[in-house]
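Dear colleague,

I am passing on the structure we spoke about, and I would be glad if you could look through it alongside the notes that follow.

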Amino acid sequence: MMKPTTTTLCVSVLMSLALPVQAAGDPVAGKTKTSMCAGCHGIPGWRTAYPSVYSVPKLGGQHADYLVAALKGYQSGERSHPTMDAIVGSLSEQDIEDLAAYYASSYSGPAK
Ligand code: HEC
């Protein structure tokens, strides 16, 4: 019975190490999910890539909580915008947390 106990211990140690430092989202994971946002919420500089087509809010530097609330708002229908409504349909709760953590953390400098 040593092996299951050791495994359980290892898993819980790993899980506590993996706990995010600043927010529920993981900014590193979030960065990998921005490819579907970057065309509009342009990177770098946090401006739209197509100024003549869209007026797009800046995401970098906004509070993660605000970004999560905004994205969930589009999901719930509390907010409505044709583009964002379509985008958030494909996002999981974890995706939203990760993206919010990334955009919130990237303000002070170039992406790591
Ligand atoms: C096709 C263009 C487009 C894409 C792709 C897109 N967005 Fe948006 N996004 C917009 C526009 C336009 C708005 C402003 C909508 C409005 O006025 O309600 C917006 C609004 C937002 C807001 C609200 C910001 C605020 O200050 O209220 C958030 C958060 C957001 N987008 C996150 C994302 C994320 C995360 C992704 C990728 C998963 C993404 N968007 C992909 C165009 C886009």
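Helix 5 is mostly covered, with 10 of its 13 residues buried, and this in a model that is predicted. The buried positions are I96, E97, D98, L99, A100, A101, Y102, Y103, A104 and S105, and the partners against which the buried residues of helix 5 pack are helix 2 (27-31) and helix 3. The length of helix 5 (residues 93-105) also agrees with expectation, because 13 residues at 1.5 Å a residue should span 18 Å, and the C-alpha atoms at its ends are 18 Å apart.

Within helix 5 I would draw your attention to Y103, which counts as buried because it has 27 C-beta neighbours inside 10 Å, where 20 or more are required. Leaving aside residues up to four places away in sequence, Y103 touches L59, G60, Q62 and L67; for L59, which is 44 residues away along the chain, the C-alpha atom is separated from that of Y103 by 5.9 Å.

Turning to the ligand, 19 residues surround it, and the closest of these are C37, C40, P57, A70 and H81. Helix 3 (64-76), against which buried residues of helix 5 pack, supplies at least two residues of the shell around the ligand, as does helix 4 (82-88).

With best regards

How values were computed
Residues are numbered from 1 along each chain as its sequence is written. This is a predicted model: local features need pLDDT of at least 70, side-chain atom pairs count only at pLDDT 80 or more; totals for chains, interfaces and linings use all residues. A residue is near a molecule or strand if its C-beta atom, placed from the backbone, lies within 6 Å of it. Helices (H or I, at least four residues) and strands (E, at least two) are DSSP runs, numbered from the N terminus. The expected span of a helix is 1.5 Å times one less than its number of residues. A residue is buried if 20 or more other C-beta atoms lie within 10 Å of its own, exposed if 12 or fewer, and partly exposed in between; C-beta atoms are placed from the backbone. Two residues are in contact if their C-beta atoms, placed from the backbone, lie within 7 Å.
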